[in-house]
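Trainee: I've got the model open on my screen and would like to talk it through with you. Can we go piece by piece?

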Amino acid sequence: MIRMLKIEDHTADVKLILKGDICEIIRDLVGYITKTKECSNSGEFFYIDLEEQIPEMFFVNLINTLIAELEIREVKPVCYKIEYCEEFKAKIMIFYVKDRWYNRIKAATFHNLRYSNNTLEIVLDI
């Protein structure tokens, strides 16, 4: 058996800068990731229920959980509803249809992540 380790340089990131209160930042993040808007109700859904003590963990886990849930379930988001939002706690309904979801974002990273004074700077791996 031949073993091999191949490393290729890859620079495919996008940096988001979001300003507003915590709920506005969450709305903008979920809308950006899902490419949808907020709605009241729209059929089948699942919840993302997240609470973290550390702001950086909250934002990275929010994005990565959202991406993972959509990919694992093999569904396409149609809209979302924020059920609950507070400092580093959120419960979000993601409405979906059974369909293939095209997503270019692989994950949120901790690289150059900053949150202070109602401003979030986060890098996404694409």
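Trainee: Let's start with one side chain: is Phe59 buried or exposed?

Mentor: A word on the ground rules: this is a predicted model, where local features need pLDDT of at least 70, side-chain atom pairs count only at pLDDT 80 or more, and totals for chains, interfaces and linings use all residues. Residues are numbered from 1 along each chain as its sequence is written, and side-chain values use heavy atoms, with hydrogens and water left out. Buried means under 20% relative accessible area, exposed over 50%, and partly exposed in between (1.4 Å probe, protein chains only). Phe59 has a relative accessible area of 0%, so Phe59 is buried.

Trainee: Which pattern does the protein chain follow along the sequence?

Mentor: Helices (H or I, at least four residues) and strands (E, at least two) are DSSP runs, numbered from the N terminus. By that count the protein chain has two helices and eight strands. Read along the sequence, they give β-α-β-β-α-β-β-β-β-β.

Trainee: Which residues is Ile26 in contact with, leaving aside its neighbours within four places in sequence?

Mentor: Contact means heavy atoms within 4.5 Å. Ile26 is among the residues with the most contacts inside the core. Leaving aside neighbours within four places in sequence, its partners are Phe58, Leu62, Ile82, Cys85, Ala90 and Ile92.

Trainee: And what does Ile48 touch, not counting residues up to four places away in sequence?

Mentor: Ile48 lies in strand E3 and is buried, with a relative accessible area of 4%. Its C-alpha atom is separated by 9.9 Å from that of Glu83, 35 residues apart along the chain. Not counting residues up to four places away, Ile48 touches Leu62, Thr65, Leu66, Ala90, Lys91, Ile92 and Ile94.

Trainee: How many residues apart in sequence are the parts that the pair of Phe59 and Phe88 ties together?

Mentor: Rings of Phe, Tyr and Trp (its six-membered ring) pair if their centres lie within 6.5 Å; planes under 30 degrees apart count as stacked, over 60 as edge-to-face and the rest as tilted. The structure holds eight aromatic pairs, and Phe59 with Phe88 is an edge-to-face one, at 6.3 Å centre to centre and 90° between the planes. Phe59 lies in helix H2 and Phe88 in the loop between E4 and E5, so the parts tied together are 29 residues apart.

Trainee: Which residues do ring pairs link into a cluster?

Mentor: Phe59 also pairs with Tyr115, tilted, at 5.1 Å centre to centre and 50° between the planes. Tyr115 lies in strand E7 (residues 114-116) and Phe59 in helix H2, so this pair ties together parts that are 56 residues apart in sequence. The cluster linked by ring pairs is Phe58, Phe59, Phe88 and Tyr115.

Trainee: What about Asn118: what is its phi?

Mentor: Asn118 is found in the loop between E7 and E8, and is partly exposed, with a relative accessible area of 42%. Asn117 has its place in that loop too, counts as exposed at 74% relative accessibility, and has a positive phi near 50°. Asn118 is not a glycine, yet its phi is positive, at about 60°.

Trainee: Last one: what share of the protein chain's contacts with a separation of 6 or more comes from residues 24 or more positions apart?

Mentor: For context, 39% of the 126 residues count as buried, and the C-alpha atoms fill a box of roughly 55 × 40 × 20 Å along the principal axes. For those contacts, the share from residues 24 or more positions apart is 70%.

Definitions and conventions:
A nonpolar core is a set of buried Ala, Val, Leu, Ile, Met, Phe, Trp, Tyr and Cys residues joined through side-chain atoms within 4.5 Å.
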